Amino acid sequence: LLIFSLILFIVGYVAFRKKPVKLNYATRIQLYLNLAFFLPLLIVSVTTLSLISSSSKKEVIKQYFEKADGIRNNIVNPLDNYLTGNLSEELMAQNITQIAQYSESDINLFDINGKLISTSQPKIYEYNILSEYINPLALGDIVEQQNNSVLINESVGTLSYKSAYVGIRSFGTGDLLGILSIPFFESKYELDKEIVVILTNILNIFTFIFIVILVASYFASRVLTVPLNLITQKIKKTTLTGYNEPLEWNSDDEIGLMVGEYNRMLQNLEASKKALARSEKESAWREMAQQVAHEIKNPLTPMKLTLQHLKRMLTDKTEGHKQLSEKPINTLLHQIDTLSDIATSFSSFAKMPVPENQRIEISSILRRTVQLHANSEEHEIKALVEPGNHYVTCDPQLMGRIFSNLIINGIQAVPKQRKPLIAVSLKTENNNVIIEFRDNGSGIPDAIIDKIFIPNFSTKDTGSGIGLSIAKRGIEHAGGKIWFETTADVGTTVIVELPLVD
């Protein structure tokens, strides 16, 4: 009871304290397990004691009346003789004393008016400890209510006891001859003693089970918190720079759901790390592009103006001198135009605005782009577009430039000894539109496959290296994906996937 009271005190203190007590998870598990055991045990114990007490009281009362009935049967004849005058008062007292000694009980005999006839303890009445008249409650129940017996709580000073009152009736006529009173002084003591024995046994069992449950709850809490400790250690080791190892849990319980969410968080973290790294690289390239564009454009304009002026001056010279001077000047002008294009590309990449997406029909943009590049005998472009309208959400101008850049890249990837053949196709698959640009070039070497979409990386001498980077950014902003498949000396296929809106 002391241990259980301590547990209840702790629970109540934790529940009603203004400042919450910070208990760890294992301690709470032990506390709840112990409470879940002790509370039902307390209810069962109280209920058991109540039932046993009630049953014991009924059994004791039954024993009282059985004993009183036995004494009454022995007193009927002497009382009948006494009332008819055939037995003196002294003999009657002797009979009462003998029966009291035999039954080991105190006996008080009253007439039907409630006056004491005889008793086995005459001194009590001689010293006026008890009245010579019967308890009025007993007289009313037996004489007036015609009850055969009644049990009444009585007391003398601080002594409390129970008295059984039994009506004595004639065997022949059934008339009421008198009232028998038998006090039971040890009844409460016997009942309390029995309850103490039962309570002692319950407490012994309670103590044993408490120790077992305490040990079991300790190990149970340790077992239940093992996966939580594992997850905690993994979370502590989660980093933004290194590799984060996922957890394994071969069960679909609550811990399994938590482990699954943790692994999904790691996947999202890895994707965020890549996106952050890509964003940082693009930001660095933009800053560098602004500087490069500024540094290149500054000397280009006066150089170009000077060369154009020089060309006009040479126009007035002789034809031979003119041809001799025009060739290097034209070469310089061409190189200046090339540098200007590179500077413009870097500047566009640095200042590239956020694409303005809108709902468009993508196959029409692809057809226009193909027609723009098909009017040439130096290369061949074949287009296979699935019939129908295919609506996506993207920036139409940016998407046209991306398609044009992919076709140009395919043409430039073909060696000079081959005629460029570009195959463009459009089809729908799983609510997506798939656009492929296939060339018959030399393919992409394995050493540079991971660098294709990096800004400022180019395999061409005159390229700026940002065309594919702009294409990747524009397509991803439209919610799509871009990737490529390449085979050495066979060609490369660039694949664009965009989600359909209808």
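Author: Asn 430 lies in the loop between β9 (421-429) and β10. Helices (H or I, at least four residues) and strands (E, at least two) are DSSP runs, numbered from the N terminus. The model is predicted, so local features need pLDDT of at least 70 and side-chain atom pairs count only at pLDDT 80 or more, while totals for chains, interfaces and linings use all residues. Residues are numbered from 1 along each chain as its sequence is written, and side-chain values use heavy atoms, with hydrogens and water left out.

Asn 430 is not a glycine, yet has a positive phi of about 55 degrees. Its relative accessible area is 66%, so Asn 430 is exposed. The classes are buried (under 20% relative accessible area), exposed (over 50%) and partly exposed in between, with a 1.4 Å probe and protein chains only.

Phe 437 sits in strand β10 (residues 432-438). At 3% relative accessibility, Phe 437 counts as buried. Its contacts (heavy atoms within 4.5 Å) include Leu 366, Phe 403, Leu 406 and Ile 407.

Rings of Phe, Tyr and Trp (its six-membered ring) pair if their centres lie within 6.5 Å; planes under 30 degrees apart count as stacked, over 60 as edge-to-face and the rest as tilted. By this rule there is one aromatic pair. The ring centres of Phe 403 and Phe 437 are 5.7 Å apart and the planes are at 40 degrees, so the pair is tilted. It links distant parts of the chain: Phe 403 belongs to helix α10 (residues 396-412), and the partners are 34 residues apart. Phe 403 is buried, at 0% relative accessibility.

Phe 437 also belongs to the largest nonpolar core, which has 35 residues. A nonpolar core is a set of buried Ala, Val, Leu, Ile, Met, Phe, Trp, Tyr and Cys residues joined through side-chain atoms within 4.5 Å. Ile 362, Leu 366, Ile 435, Phe 437 and Leu 498 touch the most other members. Helix α10 gives the largest share of this core, seven residues. There is a second, separate core of 23 residues, with Ile 75, Met 92, Ile 99 and Phe 184 among its members.

Asp 489 lies in the loop between β11 (481-487) and β12 (491-499). Asp 489 is not a glycine either, and has a positive phi of about 60 degrees. With a relative accessible area of 53%, Asp 489 is exposed.

Arg 359 lies over the face of Tyr 391, at 4.0 Å from the ring centre. Lys 115 lies over the face of Tyr 133, at 5.8 Å from the ring centre. The rule: NZ of Lys or CZ of Arg within 6 Å of the ring centre and within 35 degrees of the ring normal.

Now two buried polar residues elsewhere. Thr 119, in strand β2 (residues 116-119), is buried at 10% relative accessibility. Its side chain makes a polar contact with the side chain of Asn 108 (2.5 Å). A polar contact is a pair of N or O atoms within 3.5 Å; within protein, one must be able to donate a hydrogen and the other to accept it, and residues adjacent in sequence count only if both atoms are side-chain atoms. The backbone oxygen of Ile 107 lies 3.3 Å from a polar atom of the Thr 119 side chain. Ser 105 is in the loop between α3 (89-103) and β1 (108-110). It is buried, with a relative accessible area of 8%. The side chains of Ser 105 and Lys 67 make a polar contact (2.7 Å).

Last, the whole. The protein has 11 helices and 12 strands. Buried residues make up 35% of its 502 residues. Among contacts between residues at least 6 apart in sequence, 63% join residues at least 24 apart.

Notes. Lists of a residue's contacts leave out its neighbours within four places in sequence.
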